Amino acid sequence: MARRGAAGGAGDRKQRADRRTDRKAARGSERPTGNVTEPVDGGLAELVPDRERRRAWTLTIDGAPQSHVDLDDPTHLSFEYQRRIGHIADLVAPPGQPLHVVHLGGGAFTLARYIAATRPRSTQQIVEVDAALVQLVRRELPLDPQARIRVRATDARAGLGKIQDGWADLVIADVFSGARTPAHLTSTEFLAEVRRVLKPGGSYVANLADGPPLAHLRGQIATAAAVFPELALAADPTVFRGRRFGNAVLLASDVAPRTAELTRRVATDPHPGRVEHGRALADFTGGAAAVHDADARPSPAPPATAFD
């Protein structure tokens, strides 16, 4: 049975109020030059101004970097994993074609801003459990009021369950609580919900974090392979070799991705990465088992030196 997103009534009134907040905040084009620090549900949030970009900020939670946003140039993606997700968003459809996108995890709405700028008239839904963080970002880093972006303050899996079947061209998962991905977002049951929401030929992209011996990453590839027939993984070569803790971007779909072009783009990034797919990716997975709800665990905590 199709599941439909909430419409009308209090939800619409809340959405209109949020857009008024964005418009009011957008009128103040100059932001304070100092850090903005505020407690949110997930810890202590801090917005740190970028010394090289006039209206750019880095969001951290309890010292862990979460997002970087340039309000003057939303196409600028500073974090390497966000650049790789941006490459995938560029390649899932012809340039400029509007998309329906679900973002699980909001941060500072960096990727939603990127897609709104590169694919005007896209319709996007952000699901972010931290309501206090949503309010901070809306106030200090306002969204373009003309962008078709709806923000829901709820759990990622619960929010996904409210989206109708076959709505999304692209689902992006970038969810961390205390620098770890929650267990209930790592299972085949979760990915079955993702696939339900995707249109035929749609794509799922996940930001995964792991370090030696890469057991979590290998398990997540096996989990995705149990639900989707086509996979690709982009990461720094040192992460692939298990030499350091870092991010890897997983792409899953029921159609073959444009791996040659993705490989070229990732290899020419400021911090070059590598893309694995097909037999090489299956070999990398090394016989890891798919994860189910009954045995799901959060992703590993990063080492204390990960963000030095």
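Predicted model: local features only at pLDDT ≥ 70, side-chain atom pairs only at ≥ 80, totals over all residues.
Local features here need pLDDT of at least 70 and side-chain atom pairs count only at pLDDT 80 or more, while totals for chains, interfaces and linings use all residues. Residues are numbered from 1 along each chain as its sequence is written, and side-chain values use heavy atoms, with hydrogens and water left out.

Let's start with the sheet. Helices (H or I, at least four residues) and strands (E, at least two) are DSSP runs, numbered from the N terminus; two strands pair if DSSP finds at least two bridges between them. Four strands form an open sheet in the order β1-β2-β3-β4, with antiparallel pairing. β1 (36-40) and β4 (64-70) are at the edges with a single partner strand each, so one side of each has no neighbour in the sheet. From one strand to the next, the twist averages 20 degrees. Strand β3 (residues 56-61) runs antiparallel to β4, and six bridges join them. In that pair, L59 stands opposite S67 of β4.

Now, which helix packs on this sheet? That is α4 (residues 131-140), which touches β1, β2 (43-49) and β3. Contact here means heavy atoms within 4.5 Å.

Next, helix α6 (residues 188-197). Seven of its ten residues are buried, so α6 is largely enclosed by the rest of the structure; buried means under 20% relative accessible area, with a 1.4 Å probe and protein chains only. Among the buried ones are F190, L191 and V194. Their cover includes β5 (100-104), α5 (156-160), β8 (168-173), β9 (198-210) and α7 (215-225).

β9 gives the most, with four. About 140 Å³ of space lies in this cavity, and L185, Y204, A206, L208 and Q220 are the closest to its centre among 16 lining residues. By class, the lining has eleven nonpolar, five polar and no charged residues.

Finally, the second largest pocket, with about 340 Å³ of space. Of its 20 lining residues, P74, A116, L143, D144 and A147 are the closest to the centre. Helix α3 (110-118) and strand β7 (148-152) each supply at least two residues, and α3 gives the most, with three.

One note on terms: on a 1 Å grid over the protein atoms alone, a cavity is a set of points where a 1.4 Å probe fits but cannot get out, a pocket is an open set with protein on both sides within 12 Å along at least five of seven lines, and lining residues have an atom within 4 Å of a point. Grid points are joined across faces, edges and corners, and a volume is the space filled by probe spheres set on the points. Ala, Val, Leu, Ile, Met, Phe, Trp, Tyr, Cys and Pro count as nonpolar, Asp, Glu, Lys and Arg as charged, and the others, Gly among them, as polar.

Conventions: Axes fitted to C-alpha atoms, helices over the stretch in contact; angles between N-to-C directions. Buried < 20%, exposed > 50% of the residue type's maximum accessible area, 1.4 Å probe, protein only.
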